[in-house]
Amino acid sequence: MISAKMDENYRQSPNESPLMIGKTLAHYEVLSKLGEGGMGAVYLAHDTQLDRKVALKIPRFSSKKKTEIVSRFFREARAAATIRHPNVCPVFDVGEIGGTHYLTMAYIEGRTLSKFIRPEKQSVPEISRFLGI
């Protein structure tokens, strides 16, 4: 839900990339890294309260405009949590522990969307039909 035009507000600083695997954040035990991009990283985690696997997203915020960006992060997480659609991954939780912000979503096993869709072989209408939009 965080727009692509906000990329300049999500920059990795040298000391914002701790190894998360094996650590616990709130009630989530980080098991492995699923992926990383310009705005942060996504980990497979175990929700110890509900005994389930979740996708734990940890964004990286630049120090410039951090208060505004964090506020927007929480606002967009709340909005995403209200969406109920079979093609949209549900948001479970959002929070901050010790200066680390996070968002948890359902963990859905399978291929990533980028691996599933090959843009060079499918048209925009075909991709839209696949996504249900």
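Which residues does H101 touch, not counting residues up to four places away in sequence? I began with this question, and I list the contacts of H101 below, once the ground rules are written down.

**Entry 1: ground rules**

I am reading a predicted model, in which local features need pLDDT of at least 70 and side-chain atom pairs count only at pLDDT 80 or more, while totals for chains, interfaces and linings use all residues. Residues are numbered from 1 along each chain as its sequence is written, and side-chain values use heavy atoms, with hydrogens and water left out.

I looked up confidence next, where pLDDT is the predictor's confidence in each residue, from 0 to 100. The mean pLDDT of the protein chain is 80, and 82% of its residues reach 70 or more. Among the elements, β4 has the highest mean pLDDT (95), and helix α2 (residues 113-116) has the lowest (69). Over residues 1-17 the pLDDT stays under 50, and I keep in mind that where pLDDT is low, the predicted coordinates should not be read in detail.

**Entry 2: the elements and the sheet**

I found three helices and six strands in the protein chain, where helices (H or I, at least four residues) and strands (E, at least two) are DSSP runs, numbered from the N terminus. Along the sequence they follow the pattern β-β-β-β-α-β-β-α-α.

The six strands make an open sheet in the order β1-β2-β3-β4-β6-β5, with antiparallel pairing; two strands pair if DSSP finds at least two bridges between them. At the edges I see β1 (24-25) and β5 (91-97), each with a single partner strand, so one side of each is left without a neighbour in the sheet.

I then followed β4 to its partners. With β3 it pairs in the antiparallel sense over eight bridges, and A41 stands opposite I58 in β4. The two strands form a hairpin with four residues between them, and D51 in the turn has a positive phi of about 50 degrees. The pairing of β4 with β6 is also antiparallel, over four bridges, and there L56 has T104 in β6 as its bridge partner.

**Entry 3: H101 and the rings around it**

I located H101 in strand β6 (residues 100-106). Not counting residues up to four places away in sequence, H101 touches K57, I58, P59, F61, K66, V70, F73, F74, G95 and E96, where contact means heavy atoms within 4.5 Å. At 10% relative accessibility H101 counts as buried; buried means under 20% relative accessible area, exposed over 50%, and partly exposed in between (1.4 Å probe, protein chains only).

How many aromatic pairs does a search of the whole structure find? I note three, with rings of Phe, Tyr and Trp (its six-membered ring) counted as a pair if their centres lie within 6.5 Å, and with planes under 30 degrees apart called stacked, over 60 edge-to-face and the rest tilted. F61 and F73 form an edge-to-face pair, 5.6 Å centre to centre with 70 degrees between the planes. F61 lies in the loop between β4 (52-59) and α1 (66-81) and F73 in helix α1, so the pair ties together parts that are 12 residues apart in sequence. F73 also forms an edge-to-face pair with F74, at 5.4 Å centre to centre and 75 degrees between the planes. F61 is buried at 5% relative accessibility, and F73 is buried at 4%.

**Entry 4: R52**

I placed R52 in strand β4, where R52 is partly exposed, with a relative accessible area of 29%. Among the contacts of R52 beyond four places in sequence are A45, H46, D47 and F92. R52 lies over the face of F92, at 3.7 Å from the ring centre; a charge sits over a ring if NZ of Lys or CZ of Arg is within 6 Å of the ring centre and within 35 degrees of the ring normal.

**Entry 5: the cores**

Which residues make up the largest nonpolar core? I wrote down M20, L25, Y28, V30, A41, Y43, A45, V54, L56, I58 and Y102, 11 residues in all. A nonpolar core is a set of buried Ala, Val, Leu, Ile, Met, Phe, Trp, Tyr and Cys residues joined through side-chain atoms within 4.5 Å. The strands β2 (28-37), β3 (40-47) and β4 each supply at least two residues of this core. Apart from it lies another core, of 10 residues, among them F61, V70, V91 and M105.
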